[in-house]
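Subject: Structure handover

Hello,

Here is the structure for you to take over. My notes on it follow below.

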Amino acid sequence: MYDVIIIGAGVIGSSIAREVSKYNLNTLVLEKGEDVSVEVSKANSGIVHAGFHFDDTNLKGKLSLRGKTLIKDLSKKLDFPFKENGSLVLAFNNDDLLVLAKFKENADKRGIDTKLLTKEEILNMEPNINANVIAALYCKSSAIVNPYEMTIALAENACENGVNFKFNSKVINIEKHNDIFNVFTETDKFESKIIINAAGIYGDTINNILSENKLHSIGVKGEYCLFDKVAGGIINSTLYPIPTKESKGVLVTPTTDGNLLVGPNAESTDGLSNTYVSSSTLSNILNTGKNYVNNLQTNRVITTFAGVRPKLQEHTDFIIEECSDVRNFINVLGIDSPGLTAAPAIGEYVSTIIQSLIFTTKKENFKDIRKGILKFSSLSLSEKNKLIKSNPLYGKIICQCEMITEGEVVDAINRPLGATTLDAVKRRTRATMGGCQGTGCMLPVLNILSRELNKDITSINKNNTNSFIVTK
Ligand SMILES: Cc1cc2nc3c(=O)[nH]c(=O)nc-3n(C[C@H](O)[C@H](O)[C@H](O)COP(=O)(O)OP(=O)(O)OC[C@H]3O[C@@H](n4cnc5c(N)ncnc54)[C@H](O)[C@@H]3O)c2cc1C
């Protein structure tokens, strides 16, 4: 019998799992995918929003401001990429100036340090911005994070602190008998006293199994173009346009790995799993990016992707509460942007709700620190030589574009959560993420996965079940 079952291992479920792992609670995470961070937590802008887009009237505003502070500290403790690169909201006409003034007033009210910049100041800071810009709101504390590495770090630390993660475990039914939940996956049944519904865009289905207060998810897709690192250095800050009614608009931002990201749009989609991209949308996105940045080398786009915002019909705020008609069942839903920013604060918030429902005590031996995978390419020559002497696997380069060694791939596979798919290795090491997008290293990575997991290469998936790459 578990004390807590968390459904979903995106950044929200993983953050909750880490917070819960600070207590003496028997906790299980059930995830339908083969890894953590397989849905929207891997496909977003990776911005730690400073907070001037939001206010204190709702959970979104409050928890994202708190989350922003927590992420900085967490990135050091859990060793994931985070950079305070600053942001600029760009104004190109007089109407835009009114929006900047509103953002500035809101930022002052919320204690967020911002500054209105003149055209000259902007172009000094970012010479590649379109010279038609007339002003910008600069915020030093805006940051970028690697969203999937943050999710992996939170989940690994939770795992190291005793939380059990089960992958390929789609929750298909839940029954409640005498205050105990029976949670059914396609192959197993688990019992728990408390359920946390962190199933993202599919959270409506989980809620509707038990509650009479029916919820309905709506998908709002955002598509992106990712540029090669050689095109990455043209700007340092995150560039925001004036927001639209639907979203914060198409951003141009560096990533923590030195690539450049342009997107997302905001488009309603019928299918919640619809992460297809279309050439017309991508071309609109690139044209929008070209409106603010000169020298956008569109021939340097190495991949495209899309994420679907987990929104709920008739709700604009996050829903984080015990379900009114199902005791001990907590919904954490409608976590669209800035959910990544708010994630650590959502973890804390949910942990407080859990403590109000069940008696528990703090763990004395909680491990607050997690060490990430050693990045061979960041070492000095003497450090590299020393490492290769102690473990020759670090002397074998597997991914030439990103300079990833066999030692790093093996480490990824054998860590607490494990990595069983090509994409799980990719998200942990960056193998297959470089300019050639895996042409050179896909097969070597598959061979290492096959050897380390003692599985035939034809049974190794790219990401989800039956996404085999090598067939008989
Ligand atoms: C285009 C876009 C851009 C964004 N940009 C930003 C940004 O820059 N900054 C920011 O702060 N936020 C941003 N966000 C928002 C952020 O990505 C989300 O708020 C956050 O990732 C939500 O995480 P989650 O864990 O709720 O969802 P998910 O990552 O989708 O996790 C839910 C998990 O539940 C699992 N699951 C579903 N059903 C079941 C089931 N029946 N059984 C078991 N498991 C199940 C899924 O497989 C999934 O892994 C953006 C979102 C989008 C779409």
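The shell around the ligand holds 19 nonpolar, 14 polar and 6 charged residues. The classes work like this: Ala, Val, Leu, Ile, Met, Phe, Trp, Tyr, Cys and Pro are nonpolar, Asp, Glu, Lys and Arg are charged, and the others, Gly among them, are polar. This is a predicted model: local features need pLDDT of at least 70 and side-chain atom pairs pLDDT 80 or more, while totals for chains, interfaces and linings use all residues. Residues are numbered from 1 along each chain as its sequence is written, and side-chain values use heavy atoms, without hydrogens or water.

The ligand

In total, 39 residues surround the ligand (a heavy atom within 4 Å). The closest are E31, S41, I47, I335 and T341. Elements that each supply at least two shell residues include helix 1 (11-20) and helix 8 (339-357). Helices (H or I, at least four residues) and strands (E, at least two) are DSSP runs, numbered from the N terminus.

Where does the ligand lie relative to domain 1 and domain 2? Both domains give residues to the shell, so the ligand lies between them. Domain 1 is 2-42 + 148-216 + 314-357, and domain 2 is 84-142 + 220-312. These bounds come from an automatic or database domain assignment.

A backbone N or O atom of L340 is 3.1 Å from a ligand oxygen. For S45, a backbone N or O atom is 3.3 Å from a ligand nitrogen. A polar backbone atom of G339 lies 3.5 Å from a ligand oxygen. The protein covers 98% of the 1000 Å² of accessible area that the ligand has on its own (Shrake-Rupley method, 1.4 Å probe).

Helix 11

Helix 11 (residues 422-429) is largely enclosed by the rest of the structure, because 8 of its 8 residues are buried (under 20% relative accessible area, 1.4 Å probe, protein chains only). Among them are L422, K426 and T429. The cover includes helix 5 (147-160), strand 22 (404-405), helix 10 (406-414) and helix 12 (442-453). Just after helix 11, R430 has a positive phi of about 80 degrees.

S75

S75 sits in helix 2 (residues 59-78). Is S75 buried or exposed? S75 is buried, at 9% relative accessible area. A polar atom of its side chain lies 2.7 Å from the backbone oxygen of K72. Leaving aside neighbours within four places in sequence, S75 is in contact (heavy atoms within 4.5 Å) with F80 and F82.

Best wishes

Conventions. Buried means under 20% relative accessible area, exposed over 50%, partly exposed in between (1.4 Å probe, protein chains only). A polar contact is a pair of N or O atoms within 3.5 Å; within protein, one must be able to donate a hydrogen and the other to accept it, and residues adjacent in sequence count only if both atoms are side-chain atoms.
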